Amino acid sequence: MEKVKLAVIYYSMTGSNYKLAKWAEEAAKEAGAEVRVLKVQELALESAIERNPIWKAHVEETKDVPVASSEDLEWADAVIISSPTRFGNVASQIKQFMDLQGGLWAQGKLTNKVVSAMSSAQNSHGGQEATVHAIYTSMMHWGAIIVPPGFTDSSAFKSGGNPYGTSVTIDGEGNMVEDVKDAVKHQTKRTLEVASWVKKGQQ
């Protein structure tokens, strides 16, 4: 069977969700998958980015990361989306990307995609789980197959115990509070495992 193809799609202002996406990429490569790490289109004004040195530095750091497109979703067997929390919901940049997939959805090309989600927030009860749920709500409309990490690995406990999708708290200095690398990697490999079953079943 050909390799499972994974699209890791993220939005990040200061680098936290980019780091989650890169850990997912690392795990996917370890599992022998073909992987694309993709950022969504920025919507913020250039003037707003210029006023924030950390934001500006991250934009420069990731200038060569490709912008996600509908073609990437069509290509992928599995999709992991990572978004910071915005008032208990997904970042508008992620929401716009998902809203633009009506064409693929209408053609049935998102049906049976194997999907999972991750998030971050500035405090441990800042809407991390709600953000993951919001992503999953859209994915249910796709007819996608959602793969939550649950408590299928001990990494869930040291990462904060979110069974819906790995989430992380970011402190005032921009550091991750919980140790989530292993949880991200487990979630990615679990998503790929289910994707391989679906892919095999469709052949």
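Which residues lie nearest the centre of the largest pocket? In this predicted model, they are T14, R86, A121, Q122 and I170. The lining of the largest pocket comprises 21 residues. Helix 1 (16-30), strand 3 (78-86) and strand 5 (114-121) are the elements that each give two or more residues to this lining. Strand 3 provides the largest share, with 3 residues. The space in the largest pocket amounts to about 530 Å³. Its lining divides by class into 12 polar, 6 nonpolar and 3 charged residues.

The nonpolar cores were examined next. The largest nonpolar core contains 28 residues. Within this core, I9, L73, I81, M98 and M139 touch the most other members. Several elements supply at least two core residues each: strand 1 (5-10), strand 3 and strand 5, together with helix 4 (70-75), helix 5 (92-99) and helix 7 (128-142). Helix 7 gives the most, at 5 residues.

Neighbours within four places in sequence were set aside. The remaining contacts of L73 are I9, V79, F97, Q101, L104, L110, K113 and W142.

Another core lies apart from the largest one.

Definitions and conventions:
Residues are numbered from 1 along each chain as its sequence is written. This is a predicted model: local features need pLDDT of at least 70, side-chain atom pairs count only at pLDDT 80 or more; totals for chains, interfaces and linings use all residues. Side-chain values use heavy atoms; hydrogens and water are left out. On a 1 Å grid over the protein atoms alone, a cavity is a set of points where a 1.4 Å probe fits but cannot get out, and a pocket is an open set with protein on both sides within 12 Å along at least five of seven lines; lining residues have an atom within 4 Å of a point. Grid points are joined across faces, edges and corners, and a volume is the space filled by probe spheres set on the points. Helices (H or I, at least four residues) and strands (E, at least two) are DSSP runs, numbered from the N terminus. Ala, Val, Leu, Ile, Met, Phe, Trp, Tyr, Cys and Pro count as nonpolar, Asp, Glu, Lys and Arg as charged, and the others, Gly among them, as polar. A nonpolar core is a set of buried Ala, Val, Leu, Ile, Met, Phe, Trp, Tyr and Cys residues joined through side-chain atoms within 4.5 Å. Buried means under 20% relative accessible area, exposed over 50%, partly exposed in between (1.4 Å probe, protein chains only). Contact means heavy atoms within 4.5 Å.
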